[in-house]
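Please look over the fold of this chain. The report below goes through loops, sheet and helix packing in turn.

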Amino acid sequence: MNILQRRKINENISMSNLAQKLNELEKKIKTFTPDPKYPHDPFIKITLEKSIAAAKEGNYGVGAILVDKNGKIVLKGHNKLFKPYSRSDLHAEMDLLNQFEDKFKGEKSLKDFTLYVPFDPCPMCLCRLIFVGISRVYFPIFDTDGGGVQILNKLPLAWKKMAKNCKFELVPCSLELKKIADFLLNKTWPEDQDLWRKIFNF
Ligand SMILES: [Zn+2]
């Protein structure tokens, strides 16, 4: 499914219905109890909370969190593609990496950190994540049409070598969380974006 088809699917959801659905999902995720069978559930839960907050702002519904080797969440980022104004670079992963670099100013590497996102990063974010040498990127579902994981084996040689240090992995989690990630992927592209409407010829 490409971005145009996603937009078509979105036509079934008006902005007010989307706002209502996001409120429902927000409640659902707040009361969700992580299943001990799935150790990634607590992190995916927080990633989805942040993703829903991004969608409620009028951005694409993607959040990202950064977890250190002791399991502590050190940073959270979210998509800022549309609000407060159009920024083509500010995907959730980029927002988080910008925060990390501004905070640590080159004194800390991303080795030994894990980043969680609702679905696999796009090619732009995938390349930056490889370039910064992050150890692991975990997600509960694949973005089969837009996700970057499928280009890993088509990267230029030097990038393939760098990518060996970075594990992009689909991780098991509760079905309820997967369903929310799927909604965010397919239904939260906002309808009221004239610039993007022109770019993609909606
Ligand atoms: Zn991206």
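Pro-84 sits in the loop between β2 and α4. This is a predicted model. The peptide bond that joins Lys-83 and Pro-84 is cis, with omega at about 5°. Most peptide bonds are trans, and most residues other than glycine have a negative phi.

Lys-105 is not a glycine, yet its phi is positive, at about 45°.

## The sheet

How many strands form the open sheet, and in what order? There are five, ordered β2-β1-β3-β4-β5, and the pairing is mixed. β2 (73–78) and β5 are the edge strands, each pairing on one side only. On average, neighbouring strands are turned by 20° against each other, direction ignored. Strands of a sheet pair through backbone hydrogen bonds, either parallel or antiparallel.

## The antiparallel pair

β1 and β2 run antiparallel and are joined by five bridges. Val-67 stands opposite Ile-73 in β2. The two strands form a hairpin, with five residues between them. Gly-71 lies in the turn and has a positive phi of about 85°.

Helix α4 (residues 92–104) lies across this part of the sheet: β1 (63–67), β2 and β3. The helix runs at about 135° to β2.

## The parallel pairs

Strand β3 (residues 114–116) runs parallel to β4, and three bridges join them. Here Thr-114 stands opposite Arg-136 in β4.

Next comes the pairing of strand β4 (residues 136–139) with strand β5 (residues 167–170). These strands also run parallel, joined by four bridges. The chain gets from β4 to β5 through helix α6 (residues 157–163), and this β-α-β crossover is right-handed. Within the pair, Phe-139 has Leu-170 of β5 as its bridge partner.

## Helix α2 against α3

Two packed helices are described by the angle between their axes and the distance between the axes. Helix α2 (residues 15–31) packs on helix α3 (residues 41–56) at an angle of about 160°. Their axes are 10 Å apart. Are α2 and α3 roughly parallel or antiparallel to each other? Angles over 145 degrees count as roughly antiparallel, so α2 and α3 are roughly antiparallel.

The crossing of α2 past α3 is left-handed. From α2, the contact uses Leu-22, Leu-25, Glu-26 and Ile-29. From α3, it uses Lys-45, Leu-48, Glu-49, Ile-52, Ala-55 and Lys-56. By class, this contact of α2 with α3 has six nonpolar and four charged residues, and no polar ones.

## Helix α3 against α7

α3 also packs with helix α7 (residues 175–187). Their axes come within 10 Å and cross at roughly 30°. Angles under 35 degrees count as roughly parallel, so α3 is roughly parallel to α7. This crossing of α3 and α7 is left-handed.

On the α3 side, the contact is made by Asp-41, Ile-44, Lys-45, Leu-48, Ser-51 and Ala-55. On the α7 side, Leu-177, Ile-180, Ala-181 and Leu-184 take part. By class, the contact of α3 with α7 has seven nonpolar residues, one polar and two charged.

Methods:
Residues numbered from 1 in each chain as written. Predicted model: local features only at pLDDT ≥ 70, side-chain atom pairs only at ≥ 80, totals over all residues. Pairing = 2+ DSSP bridges. Right-handed = clockwise from strand over helix to strand, strands pointing away. Axes fitted to C-alpha atoms, helices over the stretch in contact; angles between N-to-C directions. Parallel < 35°, antiparallel > 145°, perpendicular 65-115°, else oblique. Left-handed = near helix turned anticlockwise from the far one by under 90°. Contact = placed C-beta atoms within 7 Å. Nonpolar A, V, L, I, M, F, W, Y, C, P; charged D, E, K, R; others polar.
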